[in-house]
Amino acid sequence: MKAHLNRFDFGLLLLYGLSFLLIWEWLRPVKELTETGNIGVFIVFVFIALLLSLLGVRPFAGFCIKILYILYSVHSLYYQGSLLNFSWAGSFIKDLKANFGRIWNAQWTELDDVFRTLLFFTLLWIIAYLIQYWLITRKRIFVFFLMTLIFITVLDTFTPYDAYAAIIRTAIAGFLVMGMLTFYRLVEMENIKKSFIFTRKWMVPLAVMIALSSALGYAAPKAEPIWPDPVPFIKSFNSESGEGQAGIKRAGYGTDDSRLGGAFLGDDQVVFTTEIEEQHYWKVETKGIYTGKGWVADDERANTLDFSEGTVPPMLSFYDTVPSKKRTSTVHNVLDYSHIQYPHGVMNIETDDFYLYRLNQVTQKISSLKEFEDSAPDSYTVQYRSPSFQVEELQNSSEKEDENLSEIMLAYTQLPSNLPPTVKELALEVTEGKESWFDKAQAVEEYFRMNGFVYDQINAAMPGEDEDYVAQFLFETKRGYCDNFSTAMAVMLRTLDIPTRWVKGYTEGEYKETLKSGKMVYEVTNNNAHSWVEVYFPGVGWVPFEPTQGFSDNVTFEYEVESETSEETEEEQQVAAEAPVKPEVETPVEAAGTTTSGSMASWFQNLKTLLSLNMKNVIILGVLLGGILAIIFLTRKKWLPFYYVTLFKMRHKEEHFPKAYQVLLMQLQRHGLKRGKDQTLREYAKYVDQFFSSRDMGQLTAQYEQFLYRGQLKEGTWAEARPHWESLIKKAG
């Protein structure tokens with residue numbers, strides 16, 4: 001094959017072009033998943049390397065061209081001045097020496113961007129050489145093709161990179177390359193003269209098969225995954241699930257909040273299910289120190305206390321003077337997190353087995369332990385008090401004395417020294433005319449409901465090194481999700497010396513059903529991970545606030561206090577807690593009893609919307625299918641004979657002979673053997689036999705005329721005629 005490949009031809013050009021596309025699939029995710037910029041520089045380098053190999057440039061000349069391109073690229077990216085005056089060469093050599101020293105000392109993280117770029121160019125150079133080796137010498141590319149598929153599918157599974165289109169592109173390019181290389185290997189082994197007609201007979205069916213299978217695979221309906229998503233399964237073994245800092249993250253609970261910002265992708269993995277009497281948020285932990293980039297816990301004050309079932313957790317939610325009703329909720333864990341999700345006001349935790357609970361008094365995080373090892377109970381029930389905060393008491397609370405106030409003020413009014421003063425100025429402006437802490441908190445909470453703020457999970461910004469997370473959200477983007485809204489509210493209130501803490505956990509989740517007991521079943525997924533704020537009021541305790549657009553924490557504020565409230569008996573409280581109301585579920589229009597015409601109109605409207613949203617894909621698919629159908633139609637003369645032979649092999653009855661004869665007549669017409677208007681079947685049969693130098697058509701026509709004149713065939717006629725029929729129809733292919 002080397003003689004064939006060394007000659008520049010279209011097939012060789014196509015091989016290198018498809019191989020370039022395979023390498024490109026390795027480079028596409030780099031820009032999205034890393035901080036690498038100017039990715040086009042590397043793509044051009046790969047193109048040049050493959051082009052030099054394609055043109056058969058001598059190795060030394062190719063080496064010089066590649067080195068010059070690398071030096072030009074590095075100079076353009078990192079140095080100033082003219083490339084030809086070499087004023088930058090001294091700095092470049094100095095950087096190389098410094099980086100080799102870091103390698104010698106195993107300081108891998110200290111390598112600078114110049115050296116990293118050189119290493120990346122070297123890696124691409126090696127890949128380009130391997131491609132040439134696999135194409136020309138080995139004539140096999142399956143290993144690289146398989147590695148490419150594995151690479152992009154792993155990225156699609158474990159990173160935010162969407163490889164749906166990449167998998168299709170890679171499959172098409174890879175199978176084309178393997179098919180072409182197989183052809184070239186056969187040509188070499190069998191010593192076959194490679195002509196255009198011979199090549200076309202191999203390449204056209206190959207292209208049609210790949211195009212047809214790709215189109216059918218793309219257009220066909222896809223079954224739901226049989227196996228669950230492996231990412232949440234793997235994360236379930238790690239209590240730090242949901243971790244992530246810069247870049248795009250996946251939804252879910254994580255412990256590292258030191259660097260907030262950036263987009264995140266949804267994750268519908270179920271974390272736990274609940275049986276509840278009324279809707280409420282689920283707390284996991286709180287954070288108290290804002291750094292300007294995110295939240296961290298105050299480790300210096302960290303202290304843990306252990307408690308067991310039947311013991312009130314040693315934490316302050318709100319004081320006993322706050323009116324409340326006793327409630328219970330049950331949690332059924334799906335993921336094995338060794339922490340407890342609990343409602344605000346938790347009083348007791350019950351499980352079927354014996355567990356010890358450990359409270360971090362700084363973060364308010366409750367961990368579950370079995371035999372002094374972290375362990376998640378399969379299910380547990382929490383008893384809690386559902387409060388009704390009295391607005392009048394909250395408004396007057398800032399004037400009250402509180403034994404815990406001085407310590408709480410010290411811990412929960414902290415702010416970084418470099419916080420932009422504009423944040424406090426905005427807080428003063430928003431709360432102008434408000435006297436009490438409660439009125440100020442409500443004013444800040446309401447501020448985010450309007451004023452141009454937008455809830456957005458994808459286009460949330462990541463602050464730069466010199467930017468403050470809250471200031472960027474308040475004055476630049478005004479776009480983000482719960483972390484942006486809750487952090488901004490907490491920081492704004494702290495600038496007013498109002499003690500506030502940042503809370504993490506989950507919303508109530510998605511309603512599923514109501515049980516016979518009256519309890520409602522909810523499903524909580526990673527998508528329900530959420531953050532909000534709690535404000536401390538002297539004499540009252542911690543009160544939740546929800547600044548994020550589109551969310552409600554179902555906290556009750558009573559503006560008028562009835563005298564009977566404090567005298568409500570335990571029995572009355574229990575009665576009030578019974579028969580929880582099933583949430584309203586929006587009924588689809590068609591389910592309400594629409595007419596057939598209305599249903600059809602709705603169906604057409606949905607179809608129109610679907611087509612408009614996917615018009616590009618529809619056009620591409622239509623062109624592809626049209627091209628495939630055109631190829632099938634234009635080549636029908638070649639493949640129809642084989643189809644008919646296969647079809648009539650399964651038909652053994654005599655009545656199939658006339659149908660087979662008519663099919664033969666049509667195929668002969670396609671082959672160019674036209675039957676004249678006044679030409680009899682016998683005359684036409686004689687003409688066909690002369691053309692093919694056979695007697696098959698005459699014998700078939702004689703048997704067919706017997707059928708026409710007598711209306712029936714002797715037994716065994718079709719079995720006798722079949723070999724002659726197959727011989728002729730194959731010749732007409």
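S388 counts as buried because its relative accessibility is 18%; buried means under 20% relative accessible area, exposed over 50%, and partly exposed in between (1.4 Å probe, protein chains only). The place of S388 is in strand β13, residues 379–390. Leaving aside residues up to four places away in sequence, S388 touches V322, P323, T556 and E558. Contact here means heavy atoms within 4.5 Å. Strands (E, at least two residues) and helices (H or I, at least four) are DSSP runs, numbered from the N terminus.

This is a predicted model, in which local features need pLDDT of at least 70 and side-chain atom pairs count only at pLDDT 80 or more, while totals for chains, interfaces and linings use all residues. Residues are numbered from 1 along each chain as its sequence is written, and side-chain values use heavy atoms, with hydrogens and water left out.

**The chain as a whole**

The protein chain has 24 helices and 21 strands. Of its 733 residues, 42% are buried. Among contacts with a separation of 6 or more, 73% are between residues 24 or more positions apart. The accessible surface comes to about 40200 Å², and carbon and sulfur atoms hold 57% of that; such areas come from the Shrake-Rupley method with a 1.4 Å probe, and for residues only the protein chains shown count as cover.

**Nonpolar cores**

A nonpolar core is a set of buried Ala, Val, Leu, Ile, Met, Phe, Trp, Tyr and Cys residues joined through side-chain atoms within 4.5 Å. The largest one has 51 residues, and those with the most contacts inside it are L50, I131, L135, I141 and F144. Helices α2, α3, α4, α6, α7, α8 and α9 each give two or more residues to this core. The largest share, twelve residues, comes from α6. I141 touches S19, L22, I131, L135, V177, M178 and L181, not counting residues up to four places away in sequence. A second, separate core of 49 residues includes V322, F485, F537 and W542.

Helix α14 (residues 437–447) is largely enclosed by the rest of the structure, because eight of its eleven residues are buried. These are W437, F438, K440, A441, A443, V444, E445 and Y447.

In helix α15 (residues 469–477), the residues Y469, V470, A471, Q472, F473 and L474 are buried. The buried residues of α15 pack against β5, α13, β15 and α16. At the N-terminal end, D468 caps α15, with a side-chain oxygen 2.9 Å from the backbone nitrogen of V470. K478 follows α15 and has a positive phi, near 50 degrees.

**A sheet of four strands**

An open sheet has the order β7-β10-β11-β12, with antiparallel pairing. Two strands pair if DSSP finds at least two bridges between them. The edge strands, β7 (304–308) and β12 (373–374), each pair on one side only. Strands β10 (residues 356–360) and β11 (residues 365–370) run antiparallel and are joined by five bridges. L359 has I366 in β11 as its bridge partner.

**Cysteines**

The structure holds zero disulfides, a disulfide being a pair of cysteine sulfur atoms within 2.5 Å. The table gives two cysteines.

| Residue | Relative accessible area | Class |
|---|---|---|
| C64 | C64: 29% | C64: partly exposed |
| C482 | C482: 8% | C482: buried |

Conventions
A polar contact is a pair of N or O atoms within 3.5 Å; within protein, one must be able to donate a hydrogen and the other to accept it, and residues adjacent in sequence count only if both atoms are side-chain atoms.
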